[in-house]
Amino acid sequence: MTVPAQKPVRKLSMKQRYSALTHDLDWTPTYVTEEQVFPHTTFEGIKVHDWSKWDDPFRLTVEAYNKYQAEKDRRLYAVLDGFAQSQGQLGLTDARYMNAMKIFLQGIPIHEYDAHRNFAYLARYANGPGARFAALCQSLDELRHAQTEIHTLSHYNKHFDGMHDWHKWSDRVWYLSVPKSFFEDALTAGPFEWLIAIGFSFEYLLTNLLFVPFMSGAAFNGDLPTMTFGFSAQSDESRHMTLGLEAIKFMLEQDEDNLPIVQDWLDKWFWRGYRLISLVAGMMDYMLPKRVMSWKEAFELYFEEQMLGGLFKDLEYYGIKPPRHVDWAIGEKEILSHQVYWILYQYSHAAAFSTTIPDAEDQAWLEQAYPETWPVYRDTVWNKAQRVMDEGGRYFNPGLPQLCTVCQIPMGFTEPGDPLTQCQRQSVYEGERYDFCSDGCQWIFDREPVKYRQSWLPVHQIFQGNCGGPTLPDVAAWYGLQPGDGAEYLGSPDHQNWLAWHGQAPQEG
Amino acid sequence: MQFELRTQVIEPKRKTFTNLVERYGDRPASRYEEGSIDIQPVENLHYRPLYSADKEHYDPNWSAFKLADPYSFTDPRQYYYAPYVQSRAATNEAFVKTIDYVESRALFTKMPAGWDALVGEVLVPLRHWEAGTELVFIEGARWAWGTTIDQCCTYAAFDRIGNAQNLSRIGIVYGDGHDHALATAKDTWLSGPALQGLRRLIEELLAGDDWAKKVVAVDLTDRLLYPLMYGHVDEAALTGGAGAYSLVAQHFSSWFADHRRWVDQLIKVWLADETYAESNKAAFQDVLDERWTQIVEAVTDLAAAVDARVRCGAADVVAANAKELAADLAAAGLTVPGGN
């Protein structure tokens, strides 16, 4: 007698198992309407027919997430502890390098935190469980990044100025309203615009231009903690980039009526993001003692080649065109960092980082990186600044600059093809005049004047008496700046301490 | 004897960030403090949200529960991201060991009569309760005023979806590696009479306003549901020979003890706030007036479903626990409808 072999029962595949653990937890409400539970996904005009089409390629479970992340953090914090114990700051290329990290601490963790809060918004209000769970993981990641960045830089704060009051500065100080207004613009939009603004434009389109200069700059300049943080965040970032790409494709595939809305957002957020990272351009070319690559090279590689040449070719299939005003950005690649750093240089007496005239070695590097444009800036501005220094002074602009209503950077950018004529655009809305640094910012304003008329412009606020008083010392006190936080690097407490630590001068008291 | 390692000693200029010195004095700060206190932007917000005409994107007015200083609340567990994920990695690992053991010995097939139905028709469907509560906590993470509260809500949300996944794993093992038990559990959640009270409650909460009122309502429900399902029924399983139930239940009761530490602390701080104690109490009373009867009925229905499968006095336990909870609330000056 033979016993028939029992047919093996097919257990769940990995994909089915994942779906059972995640998507299958969802149900459609019947005691209330779906619109009542998810009230935020209709007002932007994006049409979604099938939320289940939102795919999450990582198939993470809570258990897997906790396991990977715990291991990564164990390694990161071990490096931070070792660095602090061994006084690792002594091995930096130069104390001047810290200025890049000051800008980083003042301008980045707070907005990682913003991103954490608004991915929570998406994790709550997206109608589909796949989108919600991906957003939930990203919300946790962004909180991780905010905290690990603060912890990474915490040791430096004990030894350098320009870091100790970053949270207040980020809400008050003039140049920090550039990232603040950028993120708050995104946070006050709806969930789909947020996904294009942050998930796609920021995390995908521009992420290499934003993070690589800081993280590679750290690696080149002996900043082990920041470099380690960068590596540690990398696998999170690749998840975020995937989510960003998934989001734009999802919107475009759901309904063709979504295309013009998405294109508009893409145009807006490309320019918004590009103006934001112009601060990085200035940092990259002027603030790193040991440079990784020039802004121009980075822009060509990470943006023109990888994004315009790669990503946008893929998106053509959906009818997406390269962002509006992209030619303007390309036209600026040889002048952007010079213009930004000159703005930072002349107003750093009211900032929480210091600046200095490029020294001979810097100038040689700038000359080979920008053979056409560097000599123009050297001859027009830096030689003059040097003459002031030689006479025992330091050039700071005594006035307050006009700010662009949209990007909030002082008006220091120039007309396309004419690097010596300042660009200024104006729009009138309900009888009030608004000024802009470029066609890109003006276009953004004209699309949503009701939003941008609300901009909290630091210079306007000073003139309106909302920033501690009319004089520079009043404003600096309201900002919470202390001597040593800003102004000229040479002779600053950071500079003097650096010399003392290396046996070249007595330590500052 | 130790060897003497020489390092260059550099006296730090400052011990921590200025806001922490102003708040706690000139002392070194913990990583919890540096990563949690005063992180959320609070002033000079630029634009009104497109979806809200009357509130900012960070605004204490997203809830009736308020604190004069949001950082008067701190997490008693001092969780920032790293210790949080490390703690959860450890508890997840313990759960996986348990469920693997239960699976390898086919323990769900070796339970006495009634327990089989209890796991499939009462326990596993609660994965949807957990998934619903995740949305309540992540809503808190978006609208809470202040990082310490937001942070606890975020971790609670992740915990809840983790609980939902663990209950689903129980369902898969219970279904011998298939998902039919999960499908049945979902049907039960959608139409089984014993679970409609809970489902209606969570759906109505999600459709309403005020994240903190929702957190309170969920917490009141949990305070009846967890001691029932993962306390009393666990005891009954041990004495009744349903070891598999007890093995998995322990993970939920220990999670709940950890979770309640911060919720309890938050409620305490709300009700003792120097400025808002009275209005917070009124908000809490609103929740009780609106939801208490519904909550008790919902968990009582669940208990009846337990008793119908394994007679263990579940309904009596809920009644007794509700009475005890009402007495605790009365001690805080709150009254439940129908009297404490």
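Residues are numbered from 1 along each chain as its sequence is written, and chains are lettered from A in the order in which they are written. In this predicted model, local features need pLDDT of at least 70, side-chain atom pairs count only at pLDDT 80 or more, and totals for chains, interfaces and linings use all residues.

Trainee: Which term describes how α10(A) lies relative to α14(A)?

Mentor: Helices are DSSP runs of H or I with at least four residues, and strands are runs of E with at least two, numbered from the N terminus. Helix α10 (residues 207–220) and helix α14 (residues 295–315) of chain A pack at about 135°. Angles under 35 degrees count as roughly parallel, over 145 as roughly antiparallel, 65 to 115 as roughly perpendicular and the rest as oblique. Therefore α10(A) is, relative to α14(A), oblique.

Trainee: Which helix gives the most to the side of chain B that touches chain A?

Mentor: Residues are in contact if their C-beta atoms, placed from the backbone, lie within 7 Å. By that rule, 69 residues of chain B are in contact with 68 residues of chain A. Several helices of chain B each supply at least two residues, among them α3 (81–104) and α5 (126–143). The most, 11 residues, comes from α6(B).

Trainee: Which residue takes a positive phi in the hairpin of β2(A) and β3(A)?

Mentor: Strands pair if DSSP finds at least two bridges between them, and 2 bridges join the antiparallel strands β2(A) and β3(A). The hairpin has 2 residues between the strands, and the one with a positive phi near 75° is A:Gly417.

Conventions
Axes fitted to C-alpha atoms, helices over the stretch in contact; angles between N-to-C directions. Contact = placed C-beta atoms within 7 Å.
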